[in-house]
Amino acid sequence: MNDAACAVRCRAVVKRYGTGKTSVLAVDGLDLEVPSGECFGLLGPNGAGKTTTVEMLEGLLDPTAGDVEVLGMRWATDERALRERLGVSLQQTHLPERLSVHEVLTLFRSFFARGRDPDDVLAVVSLEEKRNAWYDKLSGGQKQRLAVACALVGDPELLFLDEPTTGLDPQSRLQLWDVIDGFKKDGRTVMLTTHYMDEAERLCDRVGVVDHGKLIALGTPRELIASLGGREVIELKLADGALDETSVAALPGVHGVRRVADAYALAAEPLHVALPALVDHLRAGALTLERLSTRRATLEDVFVSLTGRHLRD
Amino acid sequence: MTEIPLQPAARRTRPAKPRSALFELTLTRFRLFFREPSALFWTFGFPVILAVALGIAFRNRPPDPVHVAVRAGPGAETAASALSSGLVEATVEDEATALQQLRTGKVVLVVVPGSTRAYRYDETRPEARLARLLVDDRLQRAEGRTDPTPVADDRVTEPGARYIDFLIPGLIGLTLMSSSMWGIGYVIVELRTKKLVKRMLATPMRRGDFLLSFVLMRALFVLLEVPVLVGFGWIAFGVRLNGSPLVLLGISLLGAFAFAGLGLLVSSRAQNTQTVGGLMNLVMMPMFVGSGVFFSSSNFPDAMQPALRALPLTALNDALRAVVNEGAGVAALARPILVLSVCGVASFAAALKLFRWR
């Protein structure tokens with residue numbers, strides 16, 4: 001990718017907090033390229049290094065080692081020019097409690113040489129009715145939409161959103177997703193972090209799965225799910241006894257077997273081939289089912305198959 | 001919630017021209033201040049209440065009479081009646097009672113009448129020495145002494161020399177110190193704790209604008225604070241401003257600048273409001289006591305004077321008193337101006353070096 005087409009590029013980026021034996025390696029050699037116009041999601045559990053990564057990209061943290069390039073520029077030399085073109089929403093922002101929604105946006109607008117009218121941005125995030133309400137009178141979802149509005153008011157080319165919907169109710173999440181969709185439609189770049197797999201699947205063109213400071217998988221949500229071998233998951237629990245995992249994995253339509261506590265999860269596709277074969281196999285082995293269900297595979301299954309842990313553990 | 005997300009609004013063709021970041025930041029500081037009732041109270045209410053309370057406690061009263069005892073015996077009644085007046089209260093007591101009253105401090109002097117009159121008192125107590133002079137003077141005159149030169153007393157209770165005249169400039173100094181320190185130090189650390197400093201740093205905001213907005217806010221505030229306190233002292237207690245109002249404002253601005261620097265310095269590293277609160281008390285406490293807010297710093301031993309005079313609040317209070325009470329001009333204020341300028345410039349320079357932005 002040439003510079004103009006690449007919104008974010010980082011190579012061998014390392015972030016270590018502290019020194020000596022107590023030091024913590026938060027990001028362990030990250031290589032990443034995000035083309036312009038893409039919505040890229042960093043997906044991973046809490047403490048995986050997502051926030052540290054985006055804050056290095058946002059120029060708020062200095063990497064211990066490695067090279068970060070944003071919109072073809074570098075933080076050390078082009079900080080002001082970069083800031084003019086970036087919108088940032090931190091993981092948690094406590095805006096001043098006794099400023100109104102419009103006052104907060106007007107303040108943030110004044111920091112940028114170029115930008116959007118605060119009232120227009122209020123319309124984008126559906127906060128017109130709260131225009132003159134103080135920040136401390138807003139609901140959690142409204143506060144979060146205002147935080148995103150502060151990131152949009154400079155009319156950025158690249159938008160960073162760190163866990164934009166964490167802790168929000170479903171309705172508020174949907175509203176924020178619509179805001180992000182609107183931004184994407186303009187052909188601009190979004191980089192977000194989340195530990196919600198459904199959010200990543202719904203919003204992101206590509207997803208990077210992060211665990212322990214390392215990128216362990218990268219691709220479109222579809223590709224990542226396809227890497228499981230099947231897009232369907234069969235979950236089953238036996239009344240007693242155990243499955244012979246090797247022979248089950250060899251059944252037609254079954255692409256993988258995973259033990260989940262006292263039950264099993266099978267990656268399967270197509271389902272109409274896998275299910276009869278599975279039932280026959282159980283009957284032949286005189287095994288009794290306690291329960292069986294099927295569902296679509298998600299990024300959660302990708303994470304579990306890569307790490308053996310759940311995202312929310 | 002009933003709000004339905006709208007399509008992005010059409011961008012306005014001619015958006016209102018945004019005002020400068022420095023203007024918006026300063027305006028924000030003002031809005032937040034005036035929307036915080038406790039900040040308003042500490043800035044305006046507290047000094048006024050303090051002035052009223054202390055003004056009542058230390059209001060001017062007729063001088064207390066001096067209590068003395070006259071030992072019973074010949075001539076005791078005559079002496080006692082010659083002494084008793086508004087200034088001296090004399091009672092005739094037997095010897096044991098008189099001495100006991102002297103020991104317990106009920107009287108400061110015992111008169112023993114006789115052909116040689118004896119005064120019994122503790123020479124180390126200033127009021128006893130005063131009583132000795134007063135009593136002897138009264139008795140000698142009653143017995144016929146005439147003074148070679150007639151004397152006329154011209155007693156002064158004029159505004160300008162009262163406690164409240166001393167107090168009001170001290171309270172102005174105190175208010176300038178505490179509102180600069182709290183208004184900058186505490187607020188900045190609160191913004192840092194709430195990650196707002198970091199949030200604003202993620203925009204193209206200039207760091208200088210951010211810091212300057214605090215200084216500007218303080219400077220504009222001095223124009224409110226000082227007239228309110230001076231006006232209150234004048235209306236409620238008749239405290240006159242003898243010097244030029246412009247010199248008073250200039251000195252106040254310089255003082256606010258010096259303490260703004262100190263406030264910025266204590267806030268430059270602190271990560272939470274408890275730390276900065278402790279640091280501010282550490283800085284302000286010595287000045288609260290030693291800088292002549294409530295009583296003159298000359299009450300402290302000579303050895304401490306150079307240190308006390310180097311404190312910025314001492315310099316500010318000295319300068320404010322000189323202007324308010326004595327009508328001093330700029331030329332007479334060279335030393336406090338120097339102390340405040342050095343303090344302000346040095347603390348600003350140090351704070352900018354140390355300031356934790358992220």
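## Domains of the two chains

In this predicted model, 50 Å separate the centres of domain 1 and domain 2 of chain B, taken over C-alpha atoms. The domain assignment builds domain 1 of chain B from two stretches, 37-58 and 162-354, and gives 66-142 as domain 2 of chain B.

For chain A, the assignment gives domain 1 as 3-224 and domain 2 as 229-296. The centres of these two domains of chain A, again taken over C-alpha atoms, are separated by 40 Å.

## Confidence

The model as a whole scores ipTM 0.86 and pTM 0.79. Within chain B, the mean pLDDT is 86, and 92% of the residues reach 70 or more. Among the elements of chain B, helix H2 (residues 37-57) has the lowest confidence, at a mean of 82, while helix H9 (residues 245-267) has the highest, at 94.

One stretch of chain B calls for caution: over residues 1-14 of chain B the pLDDT stays under 50, and for these residues the model has 18 contacts beyond four places in sequence. Where pLDDT is low, the predicted coordinates should not be read in detail.

## Overall form of chain B

Chain B has 13 helices and four strands. Its radius of gyration is 30 Å, well over the 21 Å that the globule rule gives for 358 residues, and chain B is therefore more spread out than a compact globule. Taken along the principal axes, the C-alpha atoms of chain B fill a box of roughly 110 × 50 × 40 Å.

Of the 358 residues of chain B, 36% count as buried. When contacts in chain B between residues at least 6 apart in sequence are considered, 72% of them join residues at least 24 apart.

Helix H6 of chain B runs over residues 163-193, and at 1.5 Å a residue its 31 residues should span 45 Å, which agrees with the 43 Å between its end C-alpha atoms. Because 25 of the 31 residues of H6(B) are buried, this helix is largely enclosed by the rest of the structure. After H6(B) comes Lys195(B), whose phi is positive, near 65°.

Val226(B) has its place in helix H8 (residues 207-237) of chain B. With 22 other C-beta atoms within 10 Å, Val226(B) is buried, and, leaving aside residues up to four places away in sequence, Val226(B) touches Ile172(B), Leu248(B), Leu249(B) and Ser252(B). Asp154(B), by contrast, stands 72 residues from Val226(B) along the chain, and the C-alpha atoms of these two residues are separated by 35 Å.

## Contact between chains A and B

The contact between the chains takes 35 residues from chain A and 31 residues from chain B. On the side of chain A that touches chain B, the elements giving two or more residues are helix H2 (75-85), helix H3 (101-110), helix H4 (118-124) and helix H6 (170-185) of chain A. H3(A) gives the most to this side, with six residues.

By residue type, the side of chain A that touches chain B divides into 13 nonpolar, ten polar and twelve charged residues.

## Backbone features of chain A

Most residues other than glycine have a negative phi, and most peptide bonds are trans. Against that background, Ala12(A) has a positive phi of about 50° although it is not a glycine. Ala12(A) lies in strand E1 (residues 6-17) of chain A, and with 12 other C-beta atoms within 10 Å it is exposed.

A positive phi, of about 55°, is also found at Ala286(A), which is not a glycine. Ala286(A) is placed in the loop between H10 and strand E13 (289-296) of chain A and is exposed, with 7 other C-beta atoms within 10 Å. The peptide bond from Glu269(A) to Pro270(A) is cis, with omega near -10°, and Pro270(A) is found in the loop between strand E12 (263-268) and helix H10 (271-284) of chain A.

Terms used:
Residues are numbered from 1 along each chain as its sequence is written. Chains are lettered from A and ligands numbered from 1 in the order in which they are written. This is a predicted model: local features need pLDDT of at least 70, side-chain atom pairs count only at pLDDT 80 or more; totals for chains, interfaces and linings use all residues. pLDDT is the predictor's confidence in each residue, from 0 to 100. Two residues are in contact if their C-beta atoms, placed from the backbone, lie within 7 Å. Domain bounds come from an automatic or database domain assignment. The radius of gyration is taken over C-alpha atoms; the globule rule is 2.2 Å times the number of residues to the power 0.38. A residue is buried if 20 or more other C-beta atoms lie within 10 Å of its own, exposed if 12 or fewer, and partly exposed in between; C-beta atoms are placed from the backbone. Ala, Val, Leu, Ile, Met, Phe, Trp, Tyr, Cys and Pro count as nonpolar, Asp, Glu, Lys and Arg as charged, and the others, Gly among them, as polar. The expected span of a helix is 1.5 Å times one less than its number of residues.
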